[in-house]
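Biologist: Could you take me on a close look at the cavity in this protein, and then at the aromatic rings? I am new to this, so please go step by step.

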Amino acid sequence: MPTDAAAARSGRPRASSREVLAEAACELFLEQGYEATSIADITRRAGVSRSSFFNYFTSKADVLWSGLDERIEALVTRLTTAHTARTADADADVRTALVAMAEGFAPDSLALALLNARQMGLGDELAREASVRHARIARPVATRLRAAGADDLRAAVVAAAYGGAVLAAIEEWARHEPGRTPLVVVLGRALDVLGFSAG
């Protein structure tokens with residue numbers, strides 16, 4: 001890992017502690033597997049204290065999901081502040097919010113984990129954590145749809161479909177297209193598959 005002086009000489013910006021921790025965690029997950037890697041292992045590899053880890057992450061899983069989690073928080077804010085009149089176009093609000101969530105999403109720890117899930121021993125862990133994010137996406141979507149007049153069942157089913165589309169798009173993008181195709185393009189294709197009006 002370059003020193004500050006070496007980074008300055010090479011013209012590369014100094015990585016943040018968050019980035020250093022994420023890189024160290026992913027290296028260790030690849031080398032020895034997710035379950036066998038402790039937070040102490042990660043902080044030792046990164047050369048930072050345990051308290052520094054918890055300044056950025058709440059758990060090992062958070063290392064992988066924090067980038068998406070930040071975008072989900074922005075999605076919640078956007079949908080809860082959207083116009084909620086029954087006559088408003090809920091479908092357009094939802095799709096616009098989801099597209100905004102995907103814009104500028106760069107390959108990160110989650111993309112690396114999805115691509116190397118078997119080597120990292122992450123199959124069950126990824127499935128568990130993905131279900132949490134699915135629910136976190138679906139919840140504000142369902143609320144937005146109900147505000148526009150959808151009944152509870154329709155709102156729940158459509159919101160679940162949107163949440164599934166987002167996670168399917170991220171997985172497809174991570175496994176086949178990061179660095180080549182923006183996530184927002186893959187998400188657009190996933191949303192087109194749904195083929196229904198959310199309202």
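Modeller: Happy to! Helix 10 (152–176) gives the largest share of the lining of the largest cavity, namely three residues. Please keep in mind that this is a predicted model. Helix 5 (60–80), helix 6 (90–102) and helix 11 (183–194) also supply at least two lining residues each. The structure holds one cavity of 30 Å³ or more, and the volume of the largest cavity is about 50 Å³. Among the residues around this cavity you can find Leu68, Arg71, Met101, Phe105, Val166 and Leu187. Sorted by type, the lining has nine nonpolar residues, one charged residue and no polar ones.

Now follow Phe105 from the cavity lining to the rings. A pair of aromatic rings is described by how far apart the centres are and by the angle of the planes. The count here comes to five aromatic pairs. In one of them, Tyr56 and Phe57 have ring centres 6.5 Å apart and planes at 50°, so this pair is tilted. Tyr56 is partly exposed, at 33% relative accessibility, while Phe57 is buried, with a relative accessible area of 1%. For Phe105 and Trp173, the centres are 5.6 Å apart and the planes at 85°, so that pair is edge-to-face. Phe105 sits in the loop between helix 6 and helix 7 (109–115) and Trp173 in helix 10, so their pair ties together parts 68 residues apart in sequence. Both Phe105 and Trp173 are buried.

Elsewhere, ring pairs join Phe53, Phe54, Tyr56 and Phe57 into a cluster. Finally, look at Tyr34: Lys60 lies over the face of its ring, 4.2 Å from the ring centre.

Notes. Residues numbered from 1 in each chain as written. Predicted model: local features only at pLDDT ≥ 70, side-chain atom pairs only at ≥ 80, totals over all residues. Heavy atoms only, no water. 1 Å grid on protein atoms, 1.4 Å probe; cavity = no way out; pocket = protein on both sides within 12 Å on 5 of 7 lines; lining within 4 Å. Points joined across faces, edges and corners; volume = space filled by probe spheres on them. Helix = DSSP H or I, 4+ residues; strand = E, 2+ residues; numbered from the N terminus. Nonpolar A, V, L, I, M, F, W, Y, C, P; charged D, E, K, R; others polar. Phe/Tyr/Trp six-rings, centres within 6.5 Å; stacked < 30°, edge-to-face > 60°. Buried < 20%, exposed > 50% of the residue type's maximum accessible area, 1.4 Å probe, protein only. Lys NZ or Arg CZ within 6 Å of the ring centre and 35° of its normal.
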